[in-house]
Amino acid sequence: IFEKDYLLIPINEDLHWNLAIVCFPGSLKTKRKKKSDRKPEVLLFDSLYSRNNGKEICGLLRSYLSREYKTKMKSPLRVTKNTLRSTAMKVPKQKNSSDCGLFLLN
(Lines give C-alpha, C1' and ligand atoms only; values in the text may rest on other atoms or scores of the structure.)
Protein backbone atom coordinates (compact mmCIF):
# COMPACT_ATOMS: atom_id res chain seq x y z
CA ILE A 1 0.00 0.00 0.00
CA PHE A 2 2.97 2.31 0.42
CA GLU A 3 3.63 2.15 -3.32
CA LYS A 4 0.21 3.64 -4.16
CA ASP A 5 -0.52 7.34 -4.60
CA TYR A 6 -4.02 7.07 -3.13
CA LEU A 7 -5.87 4.66 -0.85
CA LEU A 8 -9.66 4.93 -1.10
CA ILE A 9 -11.28 3.65 2.07
CA PRO A 10 -15.08 3.43 2.18
CA ILE A 11 -16.30 3.48 5.78
CA ASN A 12 -19.62 2.24 7.08
CA GLU A 13 -20.44 3.08 10.67
CA ASP A 14 -23.90 2.78 12.18
CA LEU A 15 -25.46 2.40 8.70
CA HIS A 16 -23.80 5.61 7.47
CA TRP A 17 -21.27 5.65 4.61
CA ASN A 18 -18.41 8.08 4.30
CA LEU A 19 -15.05 8.01 2.56
CA ALA A 20 -11.43 8.53 3.58
CA ILE A 21 -8.69 8.99 1.00
CA VAL A 22 -5.10 8.59 2.13
CA CYS A 23 -2.94 10.62 -0.25
CA PHE A 24 0.67 9.60 -0.88
CA PRO A 25 1.11 7.06 1.93
CA GLY A 26 4.58 6.22 0.60
CA SER A 27 5.73 9.71 1.51
CA LEU A 28 5.41 8.76 5.18
CA LYS A 29 8.59 6.72 4.96
CA THR A 30 10.77 9.45 3.47
CA LYS A 31 11.83 12.84 4.73
CA ARG A 32 10.69 15.61 2.42
CA LYS A 33 13.46 17.91 1.29
CA LYS A 34 11.50 20.12 -1.08
CA LYS A 35 8.27 21.99 -0.45
CA SER A 36 6.92 20.69 -3.75
CA ASP A 37 7.19 17.04 -2.66
CA ARG A 38 3.98 15.12 -2.21
CA LYS A 39 2.71 15.43 1.33
CA PRO A 40 0.79 12.57 2.95
CA GLU A 41 -2.71 13.54 4.04
CA VAL A 42 -6.11 12.02 4.86
CA LEU A 43 -9.11 13.61 3.13
CA LEU A 44 -12.45 12.92 4.81
CA PHE A 45 -15.72 13.04 2.88
CA ASP A 46 -18.81 12.86 5.10
CA SER A 47 -22.21 14.11 3.94
CA LEU A 48 -23.54 14.30 7.52
CA TYR A 49 -20.43 15.60 9.28
CA SER A 50 -22.47 16.22 12.42
CA ARG A 51 -21.04 12.94 13.65
CA ASN A 52 -17.59 14.39 14.51
CA ASN A 53 -15.88 11.02 14.07
CA GLY A 54 -13.11 12.33 11.81
CA LYS A 55 -10.53 12.34 14.61
CA GLU A 56 -11.32 8.73 15.45
CA ILE A 57 -11.15 7.63 11.81
CA CYS A 58 -7.80 9.38 11.30
CA GLY A 59 -6.43 7.90 14.51
CA LEU A 60 -7.39 4.41 13.35
CA LEU A 61 -5.83 5.01 9.92
CA ARG A 62 -2.59 6.29 11.48
CA SER A 63 -2.43 3.24 13.72
CA TYR A 64 -3.15 0.90 10.83
CA LEU A 65 -0.48 2.46 8.61
CA SER A 66 2.11 2.21 11.40
CA ARG A 67 1.33 -1.47 12.00
CA GLU A 68 1.15 -2.30 8.30
CA TYR A 69 4.53 -0.71 7.65
CA LYS A 70 6.11 -2.57 10.58
CA THR A 71 4.62 -5.87 9.38
CA LYS A 72 5.58 -5.49 5.71
CA MET A 73 8.90 -3.65 6.00
CA LYS A 74 10.13 -5.16 9.29
CA SER A 75 10.91 -1.65 10.46
CA PRO A 76 9.01 0.79 12.68
CA LEU A 77 7.24 3.83 11.24
CA ARG A 78 5.75 6.44 13.54
CA VAL A 79 2.64 7.97 12.01
CA THR A 80 1.34 10.97 13.97
CA LYS A 81 -0.89 14.01 13.46
CA ASN A 82 2.22 15.87 12.36
CA THR A 83 3.29 13.33 9.74
CA LEU A 84 -0.21 12.50 8.43
CA ARG A 85 -2.55 15.45 8.72
CA SER A 86 -6.27 15.25 8.01
CA THR A 87 -8.76 17.54 6.30
CA ALA A 88 -12.54 17.33 6.39
CA MET A 89 -13.58 18.19 2.85
CA LYS A 90 -16.54 20.41 2.05
CA VAL A 91 -19.13 18.19 0.42
CA PRO A 92 -22.88 18.52 -0.25
CA LYS A 93 -24.90 17.66 2.84
CA GLN A 94 -27.63 15.06 2.75
CA LYS A 95 -31.08 16.12 3.92
CA ASN A 96 -32.15 12.74 5.25
CA SER A 97 -30.65 9.69 6.88
CA SER A 98 -30.72 7.42 3.86
CA ASP A 99 -28.87 9.12 0.97
CA CYS A 100 -25.28 8.77 2.23
CA GLY A 101 -24.51 6.02 -0.32
CA LEU A 102 -25.43 8.36 -3.16
CA PHE A 103 -23.35 11.15 -1.66
CA LEU A 104 -20.42 8.77 -1.32
CA LEU A 105 -20.60 8.04 -5.05
CA ASN A 106 -20.91 11.73 -5.94
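This is a predicted model: local features need pLDDT of at least 70, side-chain atom pairs count only at pLDDT 80 or more; totals for chains, interfaces and linings use all residues.
1. The structure contains two aromatic pairs. In one of them, the ring centres of Phe 2 and Tyr 69 are 5.2 Å apart and the ring planes stand at 90 degrees, so this pair is edge-to-face. Because Phe 2 belongs to the segment before β1 while Tyr 69 belongs to helix α1, the pair ties together parts that are 67 residues apart in sequence.

2. Tyr 6 and Phe 24 also form a pair, with ring centres 5.3 Å apart and planes at 45 degrees, so the arrangement is tilted. Tyr 6 is in strand β1 and Phe 24 is in the loop between β2 and β3, so parts that are 18 residues apart in sequence are tied together here.

3. The largest nonpolar core has 16 residues, and the members that touch the most others are Ala 20, Val 42 and Leu 65. At least two residues of this core come from each of β1 (6–13), β2 (16–23), β3 (41–45) and α1 (54–73), and the largest share, five residues, is that of α1. A second, separate core has five residues, among them Leu 19, Cys 23, Phe 24 and Leu 43.

4. Which residues does Leu 65 contact, leaving aside its neighbours within four places in sequence? The partners of Leu 65 are Ile 1, Phe 2, Leu 7, Val 22, Leu 28, Val 79 and Leu 84.

5. Helix α1 has 20 residues and spans 28 Å from its first C-alpha to its last, which is close to the 28 Å expected at 1.5 Å a residue. Its buried residues are Gly 54, Ile 57, Cys 58, Leu 61, Arg 62, Leu 65, Ser 66, Glu 68 and Tyr 69; they cover an arc of only 170 degrees around the axis, which means that they are on the same side of α1. In general, an α-helix has 3.6 residues a turn, so residues three or four places apart point the same way.

6. The buried residues of α1 pack against β1, β2, β3 and β4 (85–88). On the other side of the helix, Leu 60, Arg 67 and Lys 70 are exposed.

7. Pro 10 is found in strand β1, where, apart from neighbours within four places in sequence, Pro 10 is in contact with Trp 17, Asn 18 and Leu 19. The C-alpha atoms of Pro 10 and Ile 21 lie 8.5 Å apart in space, and these two residues are eleven residues apart in sequence.

8. How many disulfides does a search of the whole structure find? The search finds zero. Cys 23 counts as buried at 7% relative accessibility, and Cys 58 likewise counts as buried, at 1%.

How values were computed
Residues are numbered from 1 along each chain as its sequence is written. Side-chain values use heavy atoms; hydrogens and water are left out. A nonpolar core is a set of buried Ala, Val, Leu, Ile, Met, Phe, Trp, Tyr and Cys residues joined through side-chain atoms within 4.5 Å. Buried means under 20% relative accessible area, exposed over 50%, partly exposed in between (1.4 Å probe, protein chains only). Helices (H or I, at least four residues) and strands (E, at least two) are DSSP runs, numbered from the N terminus. Contact means heavy atoms within 4.5 Å. Rings of Phe, Tyr and Trp (its six-membered ring) pair if their centres lie within 6.5 Å; planes under 30 degrees apart count as stacked, over 60 as edge-to-face and the rest as tilted. A disulfide is a pair of cysteine sulfur atoms within 2.5 Å. The expected span of a helix is 1.5 Å times one less than its number of residues. The arc is that of the directions from the helix axis to the C-beta atoms.
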